[in-house]
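Open the model in your viewer and keep the selection panel at hand. The stops below go from strand to strand, then to charged side chains.

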Amino acid sequence: MKLGYTADAVRAAEQPLLDAGQLDPLMRTAAAGLARVCRELLTGHHGQIAGRRVVVLAGSGKNGGDALFAGADLASRGAAVTAVDVFSRPFAAGVSALRAAGGEVEPLGPAALAALRAADLVIDGVFGTGAKPGLPEALSSLITDWQAASGTGSRADQLVVAVDVPTGVDASTGTTGEVSVRADHTVTFGAHKAGLLLPGGAEAAGEITLIDIGLDFEDVIPAVEAPEPADLVDLWPLPQPHMHKYSRGVLGLVAGSQRYPGAGVLAAAGAVSAGLGMLRLLAPATVEAAVLERHPETVTEPGRVQAWALGPGAPDSLEMRRALVDAENRSLPVVIDAAGLRLITRPLETSTIVTPHAGELVGLLGRLTTGGPDRAAVEAQPVTHAVRAAEALGAVVVLKGNRTVIARPDGTVVAPPPGPANLATAGTGDVLTGILGALLATTAGDLAEAHRIDLARLAGLAVLLHGLAGRHTTHASGLPAVIEELVLELGERRP
Ligand SMILES: NC(=O)C1=CN([C@@H]2O[C@H](COP(=O)(O)OP(=O)(O)OC[C@H]3O[C@@H](n4cnc5c(N)ncnc54)[C@H](OP(=O)(O)O)[C@@H]3O)[C@@H](O)[C@H]2O)[C@@H](O)CC1
Ligand SMILES: [K+]
């Protein structure tokens with residue numbers, strides 16, 4: 001799991017070292033790590049370092065300093081390095097090092113654009129964690145003119161390496177202005193900046209390398225967690241040998257209707273594929289019949305459950321309300337999707353996950369807060385609005401989109417990697433609700449006991465697995481079989 005920290009947290013971690021007069025060694029370590037990645041990329045893509053054209057975009061702060069020192073390293077190995085001095089007051093020690101190694105410094109102007117276009121490698125060191133919002137006009141036209149073509153650099157074989165954070169990306173939130181650098185690779189120092197793991201920033205950053213510069217984050221709560229496939233092996237709740245069907249967990253599912261029976265079938269299949277003790281389905285007879293045909297082990301009588309999932313496929317409101325009352329009365333965890341979201345007008349008195357897409361989040365925020373956003377605002381700033389909803393509801397919010405983000409009421413976020421484009425099809429959300437329900441049912445005991453299981457992290461695992469499964473199928477009804485296979489594999493791979 002990658003952990004992301006805000007710019008303030010990074011500065012706070014850096015401060016004791018700066019107070020101890022350690023700026024110079026910190027920057028040397030950072031620049032050495034950056035230079036190593038640049039050398040590896042140049043050698044890998046262009047065969048060698050000597051003779052390759054490198055352009056350093058150098059701002060006036062330490063980010064520019066890091067880039068200039070790395071440029072000096074490449075120049076000393078024979079690369080032709082030109083630094084573009086963006087603000088006419090570059091980091092002085094970096095300029096001296098570059099010149100001493102044979103590199104040149106150019107002011108920002110027409111020659112800079114030509115150099116950028118011709119470069120084999122561009123090192124973006126304009127802004128890092130110290131950036132204030134908004135790029136100056138001359139800089140934003142330079143970036144636009146250089147990166148106008150699709151992809152990152154001006155040519156397919158041009159490499160772009162961002163120093164710490166791509167310029168134009170907010171290090172803490174990942175929001176980008178109209179113009180920002182698109183990198184193939186970002187080399188970040190001390191800790192992942194939260195913005196590199198969030199929508200916007202993650203796409204701009206490309207692949208990320210973290211360089212350890214000795215900062216201590218032991219007691220700092222990360223702003224963002226980004227789960228990775230290896231986390232599934234460690235953390236996915238798998239059945240233990242001593243379990244029986246009730247201790248493994250029973251999910252009560254309220255999903256599907258005469259009009260939308262398929263959503264009930266998909267939610268049920270999602271739950272079964274993720275693994276659980278027993279599925280108890282409360283739905284009209286047509287939905288029951290369709291689910292029983294596929295999963296004859298399903299129980300269709302009311303009875304005790306360990307968790308509830310409700311909402312896919314416009315199910316009966318009365319049945320959903322009954323489930324919510326039971327969840328609140330017995331402190332059972334609940335996942336609420338689609339039609340179920342419309343029943344929410346106040347925070348629920350139990351562990352809750354809601355799974356809106358942008359439009360549904362608008363409705364939720366409208367009912368829970370005054371002056372709720374419109375859909376465009378949610379799509380432009382998904383993290384901000386998911387967090388607002390999580391705060392207002394006291395619940396975990398899984399805001400579904402091409403980049404799903406998960407917010408906790410304390411404002412921290414879980415950001416799984418983006419799923420494949422083919423998950424943007426009907427029914428995939430129903431499967432996700434089923435998976436989430438199964439996870440709640442199988443971990444309900446731990447949730448109640450000591451809050452050892454974190455709901456948002458659990459949701460992150462579900463979204464991650466759902467995304468991985470999406471790579472192997474083109475439609476929602478293909479997902480459950482792949483999920484089942486992946487879950488079985490997790491069991492085999494767990495040490
Ligand atoms: N964290 C760590 O432990 C370590 C961090 N390190 C490195 O330091 C970097 C942070 O350096 P930093 O603090 O100097 O900030 P940085 O990002 O270079 O930018 C600030 C400069 O840009 C300017 N400026 C800002 N916004 C502007 C705007 N909109 N328009 C115009 N100008 C604007 C601003 O000017 P000012 O407003 O001060 O006049 C200031 O000069 C970090 O990302 C990493 O690379 C490592 O070397 C060592 C360990
Ligand atoms: K940068």
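Predicted model: local features only at pLDDT ≥ 70, side-chain atom pairs only at ≥ 80, totals over all residues.

Residues are numbered from 1 along each chain as its sequence is written, chains are lettered from A and ligands numbered from 1 in the order in which they are written, and side-chain values use heavy atoms, with hydrogens and water left out.

β16 covers residues 396-399, and three bridges join it to β17 (residues 405-407), the two running antiparallel. Strands here are DSSP runs of E, at least two residues long, and helices are runs of H or I of at least four, both numbered from the N terminus. Two strands pair if DSSP finds at least two bridges between them. Five residues separate β16 from β17, and the two strands form a hairpin.

Which way do they point? Val 396 and Val 398 go one way, Val 397 and Leu 399 the other, and all are buried (under 20% relative accessible area; exposed is over 50%, partly exposed in between, with a 1.4 Å probe and protein chains only). In a regular strand, side chains alternate between the two faces of the sheet.

Next, select β15 (residues 352-354), which pairs with β16 in the parallel sense over two bridges. Ile 353 stands opposite Val 396. Then go to β18 (residues 413-414), which is antiparallel to β17 and joined to that strand by two bridges. Here Ala 407 stands opposite Val 413.

Zoom out to the whole sheet. Its 11 strands are ordered β8-β1-β10-β18-β17-β16-β15-β14-β13-β11-β12, and the sheet is open with mixed pairing. β8 (192-193) and β12 (278-282) are at the edges; each has a single partner strand, so one side of each lacks a neighbour in the sheet.

Stay at β8 and select Lys 193 with Asp 164. Their side chains meet in a salt bridge (2.8 Å, N to O). The term requires a side-chain nitrogen of Lys or Arg within 4 Å of a carboxyl oxygen of Asp or Glu. Asp 164 lies in the loop between β6 (159-163) and β7 (185-189) and Lys 193 in strand β8, 29 residues apart. Are these two buried or exposed? Asp 164 is buried at 7% relative accessibility, and Lys 193 is buried at 1%.

The structure holds 18 salt bridges. For another, select Glu 14 and Lys 62, whose side chains meet at 3.3 Å, N to O. Glu 14 is in helix α1 and Lys 62 in helix α3 (residues 62-76), so this pair ties together parts 48 residues apart in sequence. Glu 14 is buried at 16% relative accessibility, whereas Lys 62 is partly exposed at 35%.

Within helix α1 (residues 7-19), select Arg 11 and Asp 8, three residues and about one helical turn apart. They form a salt bridge of 3.2 Å, N to O. Arg 11 is partly exposed at 36%, and Asp 8 is exposed at 55%.

Last, select Glu 225, Arg 408, Asp 454 and Arg 457, which a network of salt bridges links.
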